[in-house]
Structures are given as structure tokens and as C-alpha cells.
Amino acid sequence: MGPVRGQASEVSSRAEAATAKSVRSFHRSKASDRGRKYHQCMVDHAFLTQAKQLSPADRLELIGELWQSLNPDDLPLTETERSLLDERLAEADANPNSGRPWGEVEVELRQRLP
């Protein structure tokens with residue numbers, strides 16, 4: 001992917017600071033606001049414009065890089081979401097062979113990309 005991957009990496013590096021700022025901003029919003037408009041993000045407009053100009057594959061790579069930069073404590077969960085995750089983890093533990101290997105799913109998803 002050469003230069004395109006480089007573009008995504010450059011944007012990803014610049015995104016880390018903006019993401020940290022946005023996450024802090026999000027955490028300042030109240031949990032009761034969850035159904036309402038989210039707290040306004042503090043992402044630089046120029047950065048956002050540049051990120052939107054990336055190819056879909058590079059935007060997905062950027063999303064992945066940003067997602068990986070988050071700690072579990074950065075992700076607010078409602079009690080309903082936490083219960084659902086606990087149920088799914090218990091089901092996965094009880095039936096470890098019921099899913100598909102990540103490698104198989106990843107290949108299928110990558111085949112769908114243009």
C-alpha cells in the first residue's frame with residue numbers, strides 16, 4: 001500500500017492527541033445525556049477533513065488504530081450494555097467452539113472491501 005499506508009499512519013499519529021482530547025470531552029458529558037446529543041467533539045476540523053479524504057480502506061485502518069489506542073476504562077458502558085457483554089462472555093465460555101476463528105472472519109471481511 002506504500003504511500004497510502006503512510007498517509008493513514010500520519011493521520012493516525014495526529015489523531016491520537018485529538019482522540020484523547022475528544023475522549024476527555026466525552027467523559028465530561030453525563031451518562032444521562034447518552035440518548036441525547038453527544039457532547040461536542042473537539043477534533044480539529046482540518047484533521048477531520050483530511051481523514052474523510054482517505055480511501056475507505058485507509059479510513060478503516062485509521063479507525064482500527066484509534067480504537068486500539070483506547071483503554072477499556074475509556075469506554076463508558078451502561079448497565080444494560082455491561083449485562084449484555086457479561087451474558088455473551090458467559091455464552092462464549094460455555095460454548096467455546098460455537099464461533100468462527102478471527103482469521104476466517106477477517107478474510108471474509110477483507111474480500112468485501114473494494
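A salt bridge is a side-chain nitrogen of Lys or Arg within 4 Å of a carboxyl oxygen of Asp or Glu. The whole structure holds 4 of them. This is a predicted model, where local features need pLDDT of at least 70, side-chain atom pairs count only at pLDDT 80 or more, and totals for chains, interfaces and linings use all residues. Residues are numbered from 1 along each chain as its sequence is written, and side-chain values use heavy atoms, with hydrogens and water left out.

The protein chain has 5 helices and 0 strands. Helices (H or I, at least four residues) and strands (E, at least two) are DSSP runs, numbered from the N terminus. Of its 114 residues, 15% count as buried. Buried means under 20% relative accessible area, exposed over 50%, and partly exposed in between (1.4 Å probe, protein chains only).

| Pair | Closest N and O atoms |
|---|---|
| Glutamate 108 and arginine 100 | 2.6 Å |
| Glutamate 106 and arginine 110 | 3.2 Å |
| Arginine 112 and glutamate 108 | 2.9 Å |

Arginine 112 and glutamate 108 both lie in helix H5, 4 residues apart, about one turn of the helix. Arginine 112 is exposed, at 61% relative accessibility. Shared partners join Arg100, Glu104, Glu108 and Arg112 into one network of salt bridges. Glutamate 108 is partly exposed, at 30%. Arginine 100 is partly exposed too, at 45%.

Now helix H3, residues 56-68. Asp58, Glu61, Leu62 and Leu66 are buried there. They sit on the same side of H3, because they cover an arc of only 135° around the axis, taken from the directions from the helix axis to the C-beta atoms. The face turned away from that buried side carries exposed Ile63, Trp67 and Gln68.
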